[in-house]
Amino acid sequence: MIVQNFNHKMAAHCESGTITSLLNHGGLNITEPLVFGIASGIFFGYFHKMKSFAFPTFIVRNKPGQMRTNIEKRLGVRFKNYDFKDPVKGQQTLDQLLQNNIPTGAQVDFFYMDYVPSWERVHINVHFLVVTGKTENKYTISDAYFPQMVELDADSLEKGRFAGGNMSPKGFIFHLDKLPADIDYNKAILKGISKACFYMLKIPIPFLGIRGIRMFGKKVVEWPKFARDTEHLSHEIMKINILLEDQGTGGAGFRFMYATFLQQAATITGKPQLAELSAELMKIGDGWREISLFSARIGKNRDLGPDKLKQLSEMLYDRANVEERFFKSLSQAIK
Amino acid sequence: MTEPTQELKLEIKNLIISTLSIENINLDDVDDEKPLFGGDNALTLDSVDAIEIIMAIQRTYGIRIADQNLARQVIGSINSIARFIAEQRENPTS
């Protein structure tokens, strides 16, 4: 059983790519950057001390799963969601959906996706993909990070869907259930931007939004006290590059993808200021990419020199300042 | 589609070598088609080198490779970099 007429497309990010693919299959002509922007995907959060993380870390997008719920609210589409305690029931339900010709989104632990080269596999419980068919004991998978559809053993998919640990997928699957007759893209775009500006500028939590970037700048100089040794510290600093560039961020911590959204939003809403702000955000993204490179060089060379963390801190403060100006301008542009 | 010139390919090899401060390498030994990552080319690069090259392409040619999935395909070999730059010169998208 293979879902008919499903078009696999690569995407910059797994969750926005999966949602876009399901919406496109349902007949909605929408791009991944529009999905990302309408869902207020852009974000920042810094976590200096949390039980869930062994070392300070940060995020550059909203909470996993929130893109789907925001898209439902703002476009008026409806996804049907399922989670399971019993893997057998989880597989039966998935197979039935495929039998009914329904491409089905799934949340998995990336580590068990056997089509990924072993050296690239890491445990991330919030990877999203579309299951598009099953032949004997293999599922056909549309994974946004791969140029073609891939195959995955049923056992591996089950392990991925029912992996334990933080943010365990619990067999979660979802599919498009209903598209509205009309969509007010103008309203959805403005709401998406308004919420993104709120989260970046006004959310009253000191480690989120622009204040989160500033906290990162302040606290990164304390990272050595969390590390076992220079090797460990260099490795953790190198992860900054991975989080900004390598984990399906669309480049520069999603800033490039959000800039593309603003470019497309300018045309749809007839607000040329959004196109100007798109160009500004591309330049801001270049600055994040400089931070990626700076961190990657530290990691590669194990070179922590006396001022490296101070320099990194200054670069982060600089991003906080430019993003604060940017989001204030963006907030004004949609009034 | 414009086929990239040998001159452009040579320019890219020089750009990579100067960006990464690589010494003692004969440009003629760098294969245009062989992978630059994980293969047996005279030039073998890693993920940190990749971001250095992406930024060097932006500085030199004014072409931003924003999406890392695209970046992975573009910087796969000298030929793929050259094709991308030639295409962008003809039909800029970034």
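In this predicted model, the buried residues of helix 7 of chain A pack against strand 1, strand 2, helix 6 (185-202) and helix 11 (308-333) of chain A. Helix 7 spans residues 209-219, and nine of its 11 residues are buried, so this helix is largely enclosed by the rest of the structure.

**Helix 7 of chain A**
- The buried stretch opens with A:Gly209, A:Ile210, A:Arg211 and A:Gly212, and also takes in A:Ile213, A:Arg214, A:Met215, A:Phe216 and A:Gly217.
- Two arginines, A:Arg211 and A:Arg214, are among these buried residues.

**The two domains of chain A**
- Chain A is assigned domain 1 (14-178) and domain 2 (210-333).
- Their C-alpha centres lie 25 Å apart.
- Where they touch, domain 1 of chain A brings 18 residues and domain 2 of chain A brings 20 residues.
- On the domain 1 side, helix 2 (32-38), strand 1 (42-47) and strand 2 (57-61) of chain A each supply at least two residues.
- That side of domain 1 has 12 nonpolar, five polar and one charged residues.

**The contact between chains A and B**
- Nine residues from chain B meet 16 residues from chain A.
- On the chain B side, the elements giving two or more residues are helix 2 (47-61) and helix 3 (68-74) of chain B.
- Helix 2 of chain B gives the most, with four residues.
- By class, the chain B side has four nonpolar, two polar and three charged residues.

Technical notes
Residues are numbered from 1 along each chain as its sequence is written. Chains are lettered from A and ligands numbered from 1 in the order in which they are written. This is a predicted model: local features need pLDDT of at least 70, side-chain atom pairs count only at pLDDT 80 or more; totals for chains, interfaces and linings use all residues. Two residues are in contact if their C-beta atoms, placed from the backbone, lie within 7 Å. Ala, Val, Leu, Ile, Met, Phe, Trp, Tyr, Cys and Pro count as nonpolar, Asp, Glu, Lys and Arg as charged, and the others, Gly among them, as polar. Domain bounds come from an automatic or database domain assignment. A residue is buried if 20 or more other C-beta atoms lie within 10 Å of its own, exposed if 12 or fewer, and partly exposed in between; C-beta atoms are placed from the backbone.
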